[in-house]
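Please look over the sequence and the 3D structure shown here before reading on. The paragraphs after it are meant to be read with the structure in view.

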Amino acid sequence: MSGSAKKTIYAAMAANFAIAIIKFIAASITGSSAMLSEGIHSVVDTGNELLLLLGIRLSKKPADDSHPFGYGQELYFWTLIVALFIFAIGGGMSIYEGINHVRYPEPLTNPFWNYVVLGLAVIFEGYSWNVALQAFLASKNEDNFWTAIRASKDPTVFTILFEDTAALIGLFVAFVGVLSGHLLGNVYLDGVASIVIGVILCGVSILLASESKGLLIGEGASAETVASIRKITNEDPAVDRVIKILTLHFGPQEILLNLEIEFAKDLETEELAIAVERLETSIRQQHTEIQNIFIEAKSIRARRKAIVE
């Protein structure tokens, strides 16, 4: 796990914890439903950052007999749990609170404090969002935004980025709800804003769940990584041709590689073993994220087949 990913999580956790406190204080003073929803949102986000840190820690457990390829996918599992929390607690409770406020509206009292809190929240969330954005931009290479999201195998950074983006949009919706309710004297608009915030959170959670599902099911290495492996293999003098390359991510920096290669027809068994070891060394030197390599070696002359780890 990169240091930038952990920095992103810690920045988001500190910001959300501070924001949650001031939002709840403002909600208790003013009676704002949208502000209460925003407070719930910040508490959920703080808990989500703790879950991501737990996922990172568990994913670092060494391989054992029951999990021979390690625990890297723990991170993907906990990212899915984060998405479910955003949907059920963040989105669900915000929608519930908004509907309840629409059914039983109460006028805002002293809305000035809502504006103060929303301004402070924008500053905190904006800082966290900028940290997440910079970390994401540094990792996306030349891909466009959505292509980079789809290609990313590290869910921590884009999860925080999505959370903070939803939070900033939610703050804008809360501001509009409080301001319009205050200026127009409409007691229902604050509750409507809370419902909109809940819908936004549900949409973000569905997007995160979709990305987590793909990672849990199993995704291969990037096209660039596969092309590099093919190039390294084809350049080896003992290789006649590459038949098949299979890869699978067990974590952001943990890849399983299975190579099916047809070696030169005049290789003896000892030469074949040396060639396989040379290939493994060359691939690992350029791709440290490849933790396990399995090579199925085929020779035209002897029709030998061996699985070499």
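What follows is a short walk through a few places in this model, which is predicted.

Two packed helices are described by the angle between their axes and the distance between the axes. Here the pair is α2, which covers residues 33–59, and α6; the latter spans 155–184. Their axes lie 11 Å apart and meet at an angle of about 175 degrees. Because angles over 145 degrees count as roughly antiparallel, α2 is roughly antiparallel to α6. On the α2 side, the contact is made by A34, E38, H41, D45, N48, E49, L52 and I56. On the α6 side, the residues taking part are T156, T159, I160, E163, A166, A167, G170, L171 and A174.

Helix α5 takes in residues 145–151, and S152 sits in the loop between α5 and α6. Is S152 buried or exposed? Its relative accessibility is 18%, so S152 counts as buried, since the limit for buried is under 20%. Setting aside residues up to four places away in sequence, S152 touches F158 and L215.

With a relative accessible area of 24%, L189 is partly exposed. Apart from neighbours within four places in sequence, L189 is in contact with G177, S180, G181 and L184. A further residue for orientation is L179, which is 10 residues from L189 along the chain; the C-alpha atoms of these two are separated by 9.2 Å.

Which residues make the nonpolar surface patch of about 930 Å²? The patch is made by F17, I21, I25, I29, F112, W113, V116, L120, I123 and F124. Two helices, α1 (3–30) and α4 (112–139), each supply at least two residues of this patch. Helix α4 gives the most, with 6 residues.

Key: Residues numbered from 1 in each chain as written. Predicted model: local features only at pLDDT ≥ 70, side-chain atom pairs only at ≥ 80, totals over all residues. Heavy atoms only, no water. Helix = DSSP H or I, 4+ residues; strand = E, 2+ residues; numbered from the N terminus. Buried < 20%, exposed > 50% of the residue type's maximum accessible area, 1.4 Å probe, protein only. Contact = heavy atoms within 4.5 Å. Patch = residues over 30% accessible without salt bridge, like charges linked within 9 Å, V, L, I, M, F, W, Y side chains within 5 Å. Areas by Shrake-Rupley, 256 points an atom, 1.4 Å probe, with all protein chains shown as cover. Salt bridge = Lys/Arg side-chain N within 4 Å of Asp/Glu carboxyl O. Axes fitted to C-alpha atoms, helices over the stretch in contact; angles between N-to-C directions. Parallel < 35°, antiparallel > 145°, perpendicular 65-115°, else oblique.
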